[in-house]
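Ready for some practice with strands and sheets? Have a look at the structure below, then work through the exercises one step at a time.

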Amino acid sequence: MSIKSFGAKIFASIIHKKTQKWANDPVNTQKKVFEQLINEAKQTAFGKDHNFESITTHEEFVMHVPVRDYEELKPYVDRVVAGENDVLWKGKPLYFAKTSGTTSGAKYIPLTKESMPYHIEAARNAILAYVHETGKADFVDGKMIFLQGSPILDEKNGIKLGRLSGIVAHYVPAYLQKNRLPSYETNCIEDWETKVDAVVEETVNLNMSLISGIPSWVQMYFEKLKEKKGKPIGEIFPNFNLFIYGGVNYEPYRSKFEQMIGRKVPSIELFPASEGFFAYQDTQTEKGMLLLLNAGIFYEFIKAEEFFSDNARRYTIGEVELGVNYVLIISTNAGLWGYNIGDTVQFVNLKPYRVVVSGRIKHYISAFGEHVIGKEVESAIQEAMEGTTVTVNEFTVAPQITPTEGLPYHEWLIEFGNEPEDLEAFALRIDNALRKQNMYYDDLIVGKVLRTLVISKVKQEGFQDYMKSIGKLGGQNKLPRLSNDRNIADRLKLY
């Protein structure tokens with residue numbers, strides 16, 4: 001055992017004890033975070049506008065601070081971007097994480113000196129939780145790759161800005177720098193296809209032990225490696241023993257990855273965003289990710305089915321229930337208040353509080369009142385693949401409301417790795433799995449409002465071509481699993 005791996009085990013034990021302390025006292029932990037946030041922001045413009053001086057309880061917070069998304073918070077953000085002090089949080093942010101916007105162009109998410117350390121600690125602690133539980137730490141001696149955005153940062157009124165993953169790249173601890181790949185020069189390449197080619201060249205002959213990134217983009221990296229060497233990833237990298245991912249559900253990709261690797265590899269799921277690092281997988285034996293209740297974020301939860309109604313109730317951590325689809329609302333030490341990040345979660349454990357990401361509040365299908373969510377379609381296709389040789393590279397789902405003949409249906413656009421022998425039989429397997437999960441969809445099938453879903457095959461690399469055509473190939477960009485319109489589906493069918 002190396003000194004580095006021995007040290008990792010000791011450090012992992014220390015962090016585990018600290019984690020258990022706040023995880024076993026969730027309500028008080030969140031109460032302290034809430035009080036600290038309100039107290040720190042009393043003298044900010046937002047705090048003054050929303051009577052923070054008089055707020056002592058969550059009920060009072062709800063009265064004074066409405067739920068907002070980025071567009072609604074934008075007037076305050078614009079003041080921060082313009083260089084004004086003490087607007088959403090004391091002083092000025094250290095960075096802006098620049099992301100794609102909706103109606104107002106680019107979004108500028110503030111990162112402060114108080115919030116930035118939690119992004120780094122959470123990623124570190126996720127790995128240490130794995131080390132503590134499994135006792136495996138040899139991977140720290142091998143090379144580690146993190147597929148991420150460019151670390152080159154721009155500047156706006158004295159504040160640096162860039163992609164979150166590029167910002168985080170500047171905080172990789174010294175003890176990992178010698179092991180970390182790709183090189184700074186390669187990481188700075190903006191064109192994703194060129195970058196992946198360069199990553200392949202840098203890593204193909206090295207002892208890779210840990211690989212991290214969004215599954216769809218890691219898949220591209222793996223495919224290029226296999227093309228170059230003509231053998232499974234597990235043979236190219238015999239000591240590859242840990243895969244870390246976030247951003248999308250890994251399950252639809254798992255069988256494809258295991259086929260490309262040639263064996264099973266343990267994985268750790270993360271739930272990071274520009275707005276905060278919310279959760280990570282803390283155990284290999286139970287479902288879900290540990291919600292980070294002590295990380296400078298106060299959480300509220302609104303039932304998704306009530307979200308668009310007036311005066312929907314905002315629940316705190318001690319009030320949530322298992323299996324309910326909640327819209328995640330956050331208030332943070334980066335100055336986001338009552339902020340709707342757009343993600344929905346479900347609790348799968350309450351001791352400690354573990355969540356799964358169930359989808360996006362704007363990404364669902366309810367063209368006929370079925371309200372099918374991302375978690376349901378991902379679970380359905382995973383169930384349909386079980387016991388078969390079918391693998392799926394990528395997929396998305398959209399309603400077909402006005403077919404040329406027959407009843408309306410859900411159209412599944414799928415790029416297969418290994419195709420099913422009988423496409424209609426496979427579609428029926430998915431349909432039956434979805435009907436078991438969603439009674440509204442089942443009622444529509446039984447009532448002959450909808451017919452069984454239809455699969456449309458997408459050519460190899462069709463999804464990559466689509467993402468490239470809209471300028472979102474690579475990095476942290478993700479394709480929506482499902483849409484309530486046909487904008488994506490109709491574009492994909494051109495490929």
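Two strands count as a pair if DSSP finds at least two bridges between them. Keep in mind that this is a predicted model.

**Exercise 1.** Work out which strands are the edge strands of the open sheet of four strands.

*Solution.* Start with the order of the open sheet, which is 2-1-5-4, with mixed pairing. Next, look for strands that pair on one side only: these are strand 2 (107-111) and strand 4 (154-156).

**Exercise 2.** Find how strand 1 and strand 2 run, and what packs on their sheet.

*Solution.* Begin with the bridges: strand 1 (residues 95-99) is joined to strand 2 by five of them, and the two run antiparallel. For an example, pick Ala97, which has Ile109 of strand 2 opposite it. Now turn to the helix: helix 5 (residues 70-81) packs on the sheet and touches strand 1, strand 2, strand 4 and strand 5 (159-162). The direction of helix 5 makes about 65 degrees with that of strand 2.

**Exercise 3.** Describe how strand 3 is joined to strand 7 and to strand 6.

*Solution.* Take strand 7 to begin with. Strand 3 (residues 143-146) and strand 7 (residues 208-212) run parallel, joined by four bridges. Here Phe146 has Ser212 as its bridge partner in strand 7. Then move on to strand 6 (residues 180-181), which also runs parallel to strand 3 and is joined to it by two bridges. In this pairing, Met144 has Arg180 of strand 6 as its bridge partner.

How values were computed: Residues are numbered from 1 along each chain as its sequence is written. This is a predicted model: local features need pLDDT of at least 70, side-chain atom pairs count only at pLDDT 80 or more; totals for chains, interfaces and linings use all residues. Side-chain values use heavy atoms; hydrogens and water are left out. Contact means heavy atoms within 4.5 Å. Axes are lines fitted to C-alpha atoms, for helices over the stretch in contact, and angles run from 0 to 180 degrees between N-to-C directions.
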